[in-house]
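Subject: Structure for you, with notes

Hello,

Here is the structure I promised. Please open it alongside this email. My notes come below it.

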Amino acid sequence: MMNRHLMSLALLLAVMVSGCSTKPIVINPPPEEPVFTSERLVSGDVEDPYVVHDPLEGFNRTVYRFNYHADHWVLNPALKVYRFIVPSPLRAGVSNFFKNLFGIRTFTNQLLQGRPVRALATSGRFALNTTLGLAGVFDVATHAGMPYYREDFGQTLGVWGFGPGWYLVLPILGPSSVRDGIGTGVDAAFMSWLDPLGLDGHPQRQYAYYPLYVLDTRGSVAFQYYATGSPFEYELVRRLMLTIRQIEVEK
Amino acid sequence: MRLLIMALLLAAPPLVLGAEYGYPIKNPFMATVVGTPEPLRAPLPDKAKLTIKSLPVRQEGLPPAMWYSHRLQYSYRLQKGSAPLIFLIAGTGGFHDTGKNLPLLKAFYQAGFHVVGITSPTHSQFVIAASTTGLPGNMRDDAEDIYRVMQEIMAEIGHKDRISGYNMAGYSLGAMNSAFVAELDSRQKVFNFDKVLLINPPVSVYSSISKLDRMLQNIPGGVDNFNLFLNRVVNQITRAYKKSSTVEFSPELVFEAFKDNPPTTEELGALIGIAFRFSSSSMIFASDMRTNFGFIKPSNVRFTKNTSLGPYGQVSVRVGFTDYYHEYFWPYYEPQFPNETRSSFAEMQSLYSIEDYLANTSKIAVFGNQDDVILESGEIDFFPRVFGDRATIFPYGGHLGNLEYYENMAMIVGYFK
């Protein structure tokens, strides 16, 4: 069953990659020389924010566009309703709850990264917020001055020495890399195996959990697709996100 | 001697604020990048609560690669009862509800005005969606586009009965646009503006863009190190990026990234130059996509939604405003203006060309900074000479650095009261 899903996913990916040419269409070849060309202006010896090795670009651009539409037609309107109905202290509680819950992921990854001191801090924070903070709804630990870390399996792979690999735009989740995409998958599989909230076999919990998780996750990121005012947004965001992840891994 | 006395006489009426002016940053480049330190800013509400809408698609055949820019967005917020309205036009590459437009919209609304935010005609979205020519920079064409957009917006918003009068404000290039829109309105009288405020306008677009281009010569190690410097700037934007902040590639947002960590004085000029490059690159590329002139994109090549644009971005960011003027803008307009020359056409894109109107109307006031970095030396004197006591010149502030300073904001809002 699982295998068949994977097969069809791989097939879909292959079709998308091959079906998305990133080449322009030349109407009457050869292309005419524009006034300014890169041969004339760009010295090729230094890295350039606009040009990054991106073999999945066709697929990535398609998903980038898809994500805009998902935001525009589904997530942003849903967030609008969520923010209208749920008062902001309550939304902050929801955010705190998920932040605390995913302390489990951070803790595990800190152990995998060989950072026991930080892991200890994370577990202390988790214990305090889960008890005194009423299942994490109140972030008591931050008020008490305890440090907050956020680690995921992509970062762990980075610490283990894996490079980011190719740039990858994930559906809904947005800009990532092959390494971090795998990391995201592993983290999700780990959390669903651990199942700390006992979602398995409790559909009513799932009905509350998943929508809130999606709304909270999207709502905490201000980034909007095609809002940078630049026709080179895809290129500049690619560079921005890859660098941000590099900084996060180094931290 | 007689000339000097005459000059002094004319310069006396405008309120030149002296020692008591409290804006703290005396280095104009630093002021431009750092702006106003938080505690000295005018108190404004956290949220602007603007309604954001898009005008319908205007024409067929817009470039598919920029499908997301086919509709022009605007923002507005109306008071509950009857009130005067202020149109606010953003500066170079500015969007209707970001950068400096945001504090101004908040301040005007807080003071009891209806507000409408308008995107700059140099923003790529305006170039694609709303520009008639697709080639921004011709002040008269841009004014007509803005004027038409204003009318379309008012038709969409409705509630005419609640609007007791129309006003307009703009900063930087948006102030220049406002002056030309006001001049157009003085003839067409659709809005019959009561008051118009120009905040830090250029006097001549061409001289200001030349100055901005020249600033890039301050790159450490010379222009050959453009790549390195560009990377440094992008890295700083990355470091300043927070999940809770939006990403925009406009001068103001670049300055925002450097606010807490400005470069050394010599590099400030280069930073200002490169910040404007992000805007000019977007504008120039969008324009080339609209007109198919063949400036950066080969004219017989069509871009799809998936076309990789990186190499064109590389080129666009290395082309200056003056390259745009000489090798694209003027060659494009030349056949339509057989009586103009390269330099007389540049002169048309200046306040000198509507000097008589500006001198004789009582509707328009101007706020300038003595040390504005986009002005050539001496240009600042144009304002007191032409506007008389309708000009207010602040001793410091660089380009827009003092806009959010509480004294300035109070005077900006106070002007419309």
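What follows is a short account of the findings.

This is a predicted model, in which local features need pLDDT of at least 70, side-chain atom pairs count only at pLDDT 80 or more, and totals for chains, interfaces and linings use all residues. Residues are numbered from 1 along each chain as its sequence is written, while chains are lettered from A and ligands numbered from 1 in the order in which they are written.

Chain B overall

Chain B has 16 helices and 10 strands. These are DSSP runs numbered from the N terminus: H or I over at least four residues for helices, E over at least two for strands. The radius of gyration of chain B, taken over C-alpha atoms, is 21 Å. Of the 417 residues in chain B, 53% are buried. Buried means 20 or more other C-beta atoms within 10 Å of the residue's own; exposed means 12 or fewer; partly exposed is in between; C-beta atoms are placed from the backbone.

Two domains in chain B

Domain 1 covers 10–203 + 351–416, and domain 2 covers 209–336. The bounds come from an automatic or database domain assignment. The C-alpha centres of the two domains of chain B lie 23 Å apart. In chain B, 31 residues of domain 1 are in contact with 32 residues of domain 2. Contact means C-beta atoms, placed from the backbone, within 7 Å. On the domain 1 side, helix H2 (28–34) and H4 of chain B each supply at least two residues. The largest share, 5 residues, comes from H2(B).

Helix H16 of chain B

Which residues of helix H16 (residues 406–416) of chain B are buried? They are B:Asn408, B:Met409, B:Ile412, B:Val413 and B:Phe416. Seen down the axis of H16(B), they fall within an arc of 125°, so they line one face of the helix. The arc is that of the directions from the helix axis to the C-beta atoms. Their cover includes strand E4 (83–89), helix H3 (101–110) and strand E6 (163–171) of chain B.

Where the chains meet

The contact takes 53 residues from chain B and 51 residues from chain A. H8(B) gives the largest share of the chain B side, 8 residues. That side divides into 23 nonpolar, 23 polar and 7 charged residues. Here Ala, Val, Leu, Ile, Met, Phe, Trp, Tyr, Cys and Pro are nonpolar, Asp, Glu, Lys and Arg are charged, and the others, Gly among them, are polar. Strand E1 (residues 25–26) of chain A pairs with E8(B) in the antiparallel sense over 2 bridges. Pairing needs at least two DSSP bridges. A:Ile25 has B:Arg302 as its bridge partner in E8(B).

Two backbone notes in chain A

Most residues other than glycine have a negative phi. A:Asp195 has a positive phi of about 45°. A:Asp195 sits in the loop between helix H9 (178–194) and helix H10 (203–219) of chain A. A:Asp195 counts as exposed, with 11 C-beta neighbours inside 10 Å. A:Tyr226 has a positive phi of about 60°. A:Tyr226 counts as partly exposed, with 19 C-beta neighbours inside 10 Å.

Best wishes

How values were computed:
Rg over C-alpha atoms; globule rule 2.2 N^0.38 Å. Contact = placed C-beta atoms within 7 Å.
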